[in-house]
Amino acid sequence: MGEFVKVAKLSQIPERSARCVEVRGTRIALFNLDGEIFAIADTCTHAEASLSEGSISGEEIVCPLHYATFHIKTGLCTGPPADDDVRSYTVRVSGDDVEIEI
């Protein structure tokens, strides 16, 4: 089991939005879907674009570069041109603190 690291304040991630944080040299995208926070690797597996800069469509993030899609809750690749998943992270919220397990 990893350790939980504080990465943001819940108040910094409005509903239906994303925010990129860097933890120990790794870029991680945080998403607020209807008040629940999810975290996946921020880098698209196709062309290394920042997923946190993409658009949210339902429970998917659409990569801003070539429009590959990933499931926000699991990191599973759901549409080309990417074909590899991105890592997902366990998230916990304590008060206004958002923490992810590293």
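The model is predicted, so to speak of local features a pLDDT of at least 70 is needed, side-chain atom pairs count only at pLDDT 80 or more, and totals for chains, interfaces and linings use all residues. Residues are numbered from 1 along each chain as its sequence is written, and side-chain values use heavy atoms, with hydrogens and water left out.

**The three-strand sheet**

- Three strands make an open, antiparallel sheet in the order S1-S11-S10; strands are DSSP runs (E, at least two residues) numbered from the N terminus, and two of them pair if DSSP finds at least two bridges between them.
- S1 (4-9) and S10 (91-94) are the edge strands with a single partner each, so one side of each has no neighbour in the sheet.
- On average, neighbouring strands here are turned by 30 degrees against each other, direction ignored (axes are lines fitted to C-alpha atoms, and angles run from 0 to 180 degrees between N-to-C directions).
- S1 and S11 (residues 97-101) run antiparallel and are joined by five bridges; Phe-4 has Glu-101 in S11 as its bridge partner.
- Arg-92 lies over the face of Phe-4, 4.0 Å from the ring centre; such a charge needs NZ of Lys or CZ of Arg within 6 Å of the ring centre and within 35 degrees of the ring normal.

**The four-strand sheet**

- Another open sheet, with antiparallel pairing, has four strands in the order S5-S6-S7-S8.
- S5 and S8 (77-79) stand at its edges, each with a single partner strand, so one side of each is left without a neighbour in the sheet.
- Three bridges join S5 to the antiparallel S6 (residues 60-62), and Ser-57 has Glu-60 in S6 as its bridge partner.

**The nonpolar cores**

- The largest nonpolar core has 16 residues, of which Ile-40, Cys-44, Leu-51, Ile-61 and Phe-70 touch the most other members; a core is a set of buried Ala, Val, Leu, Ile, Met, Phe, Trp, Tyr and Cys residues joined through side-chain atoms within 4.5 Å.
- Strands S3 (26-33) and S4 (36-41) are the elements that give two or more residues to this core.
- Apart from it lies another core of 13 residues, including Val-23 and Ile-100.

**A look at Ala-49**

- Ala-49 sits in the loop between S4 and S5 (55-57).
- Ala-49 counts as buried because its relative accessibility is 12% (buried means under 20%, exposed over 50%, partly exposed in between, with a 1.4 Å probe and protein chains only).
- Between the C-alpha atoms of Ala-49 and Cys-63, 14 residues apart along the chain, the separation is 7.0 Å.
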